[in-house]
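Hi,

Here is the structure I promised to pass on. Have a look at it first, and then read my notes below.

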Amino acid sequence: MLDYLSLLLIVIVIFYFLLYDKSAIKKKCLSLPDLAKYKEKKKALNKVGELCCYNCSGRKIKVHSVKFKDKRRTVKKYYYQCKRCNVLLWRSDTK
Ligand SMILES: [Zn+2]
């Protein structure tokens, strides 16, 4: 009986951290600039005028998606991260 309880407790803790982690990601995502604002940032474009990471000027960028739940629907938003230094770069409503 005790084993079941402790197992249940562990599961609850894991779920709590998963949910907590997701809300942290959502907050981060919303705090990111959109693409137009990102381009105004220093070092957002390299010498050739291509988009790159402002931190390490890396050109390899990965896309993540986050789901936001509205009252009626779920909205998917995207955020972009540098593959080299893992800095979050900008957010977008479309891919
Ligand atoms: Zn970078």
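**What I found**

Let's start with one proline: not counting residues up to four places away in sequence, P33 touches Y38 and W90. Please keep in mind that this is a predicted model.

Where does P33 lie? You'll find P33 in the loop between α1 and α2, the latter being residues 35–40. P33 and W90 are 57 residues apart in sequence, yet 5.2 Å apart in space, going from C-alpha to C-alpha.

Leaving out residues up to four places away in sequence, W90 touches L32, P33, D34, L35, Y38 and Y80. W90 also belongs to the largest nonpolar core, which has seven residues in all: C52, C53, Y79, Y80, C82, L89 and W90. Two strands, β2 (74–82) and β3 (88–92), each supply at least two residues of this core. The largest share comes from β2, with three residues. As background, nonpolar side chains tend to be buried together in soluble globular proteins.

How many buried residues does α1 have? The count is zero among its 30 residues, so to speak a helix that is hardly covered.

Finally, zoom out to the chain. It has two helices and three strands, and along the sequence they follow the pattern α-α-β-β-β. Why do I call the chain more spread out than a compact globule? Because its radius of gyration is 18 Å, well over the 12 Å that the globule rule gives for 95 residues. Along its principal axes, the C-alpha trace spans about 65 × 35 × 15 Å. Buried residues make up 8% of the 95 residues. Among contacts between residues at least 6 apart in sequence, 44% join residues at least 24 apart.

If you want a place to begin, find P33 and W90 in the viewer, 5.2 Å apart from C-alpha to C-alpha.

Cheers

Note on methods. Residues numbered from 1 in each chain as written. Predicted model: local features only at pLDDT ≥ 70, side-chain atom pairs only at ≥ 80, totals over all residues. Buried ≥ 20, exposed ≤ 12 C-beta atoms within 10 Å, placed from the backbone. Helix = DSSP H or I, 4+ residues; strand = E, 2+ residues; numbered from the N terminus. Core = buried A, V, L, I, M, F, W, Y, C linked by C-beta atoms within 7 Å. Contact = placed C-beta atoms within 7 Å. Rg over C-alpha atoms; globule rule 2.2 N^0.38 Å.
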